[in-house]
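Biologist: I would like a close look at one part of this model. Please keep to the sheet and the helices, and take it step by step.

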Amino acid sequence: MKSLLVTGSSGLIGSEVVTHFSESGWTVHGVDNNMRADFFGPGGDTRWNTQRLKDQFPSFHHHELDIRDRAGVQNLLKELRPDAIVHTAAQPSHDLAASRPFDDFDVNAVGTLNFLEATRLACPESPFVHMSTNKVYGDAPNEIALVELEKRWDYADPTYEDGIRETYRIDQCKHSLFGASKVAADVMVQEYGRYFGMPTCALRGGCLTGPNHSGVELHGFLSYLIRCNLEGKTYRVFGYKGKQVRDNIHSHDVVAFMEHFIAAPRQGEVYNIGGGRANSISILEAFDLIASISGKPMQHEYVDQNRQGDHICYISNLDKMKAHYPGWDITKDLQTTFQEIYQSWLARTQAS
């Protein structure tokens, strides 16, 4: 029986990894210390998800470990020597990074290095999948000429009709401290692949979403927006007239790509993983879609100040992913994704 180690196993992507690989017959070891609750308070708590995974999968083993604990990480990898590693643990918020810069860098950059080096020492042949972010491009995508439509911004330059490619520059722009710490991790993942010949990849995620997300205002765009609609809370829109666009990918499709990479790994690759143009949506459009599902109007207020380093319009180009792994494609559209998140929040609200 193959074994997989996943960090951030109680988070959105991590828990989807646990579910998918457990159901596929793998022994899965999860590393999570619920630091999301430390970062975001009770709303970010993921203990409910940890317990759900323990109850649901007998082959799942939870490890209460801080990824900044270098000796602990090395000891765990030496003991387990897993057949694959999926690293999803992170401090994910732009805004929080500015107020807690050392925590942000130690988790995102140093924590990633801890796992890369521990993998190199214990099982260098095991594929290492790192959940990076499109924020490694900083605000450079905002330099692309845009056209303003009724409810969204879009690219005026036809070069970007299908989105941003992996060759887009990542320096000489503003990232937020979060973006900068993720750049450090992303480049280190590439370097361990290229320098040491290890099978590694960095997945530069757009908006990753799904029903198991503990969305909060500082992180988790769709999950938090849908929760606000369900509970009748006011959603704050930060700048860009609410027309800022993101492409959203369901956690199921993210993990399906990881499985393809693990089965046929490459060295030091980067992929822009998102929903692509078909799954792109602006905040104003998202208000309309959730209102059509819930039957409730969206309560919102506008703050005339965008977040530092925030993208105006970002759509992932999926051509490289599909070229390298032609068996993979998007399977969950926006309507399905919204429905699933809404039903999940509804169930959690009723349960509490």
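Predicted model: local features only at pLDDT ≥ 70, side-chain atom pairs only at ≥ 80, totals over all residues.

In strand 12, which residue is the bridge partner of L203?

Modeller: The bridge partner of L203 in strand 12 is Y271. Residues are numbered from 1 along each chain as its sequence is written, and side-chain values use heavy atoms, without hydrogens or water.

Strands here are DSSP runs of E with at least two residues; helices are runs of H or I with at least four; both are numbered from the N terminus. Two strands pair if DSSP finds at least two bridges between them.

Seven strands form an open sheet in the order 3-2-1-4-5-8-12. Their pairing is parallel. Strand 3 (60-63) lies at one edge and strand 12 (269-273) at the other. Each of these two pairs on one side only. On average, neighbouring strands of the sheet are turned by 20° against each other, direction ignored. Axes are lines fitted to C-alpha atoms (for helices, over the stretch in contact), and angles between N-to-C directions run from 0 to 180 degrees.

Next, the helices on the sheet. Helix 4 (residues 70-80) touches strand 1 (3-7), strand 2 (27-31), strand 3 and strand 4 (84-87). Contact means heavy atoms within 4.5 Å. The direction of helix 4 makes about 165° with that of strand 1. Helix 7 (residues 177-196) lies across strand 5 (128-133), strand 8 and strand 12. Against strand 5, helix 7 runs at about 155°.

Helix 7 also has a helical partner. Helix 6 (residues 101-122) packs with helix 7 at about 10°, their axes 8 Å apart. That angle makes helix 6 roughly parallel to helix 7 (under 35 degrees counts as roughly parallel). Helix 6 contributes P101, D104, F105, N108, A109, T112, L113, L116, E117 and R120 to the contact. Helix 7 answers with L177, F178, S181, K182, A184, A185, M188, V189, Y192 and F196. By class, that gives 13 nonpolar, three polar and four charged residues. Ala, Val, Leu, Ile, Met, Phe, Trp, Tyr, Cys and Pro count as nonpolar; Asp, Glu, Lys and Arg as charged; the others, Gly among them, as polar.

One further helix pair is worth a look. Helix 1 (residues 12-23) and helix 3 (residues 47-56) cross at roughly 5°, and their axes come within 11 Å. That makes helix 1 roughly parallel to helix 3. From helix 1, S15, V18 and T19 meet N49, R52 and L53 of helix 3. This contact has two nonpolar, three polar and one charged residues.

Definitions and conventions
Parallel < 35°, antiparallel > 145°, perpendicular 65-115°, else oblique.
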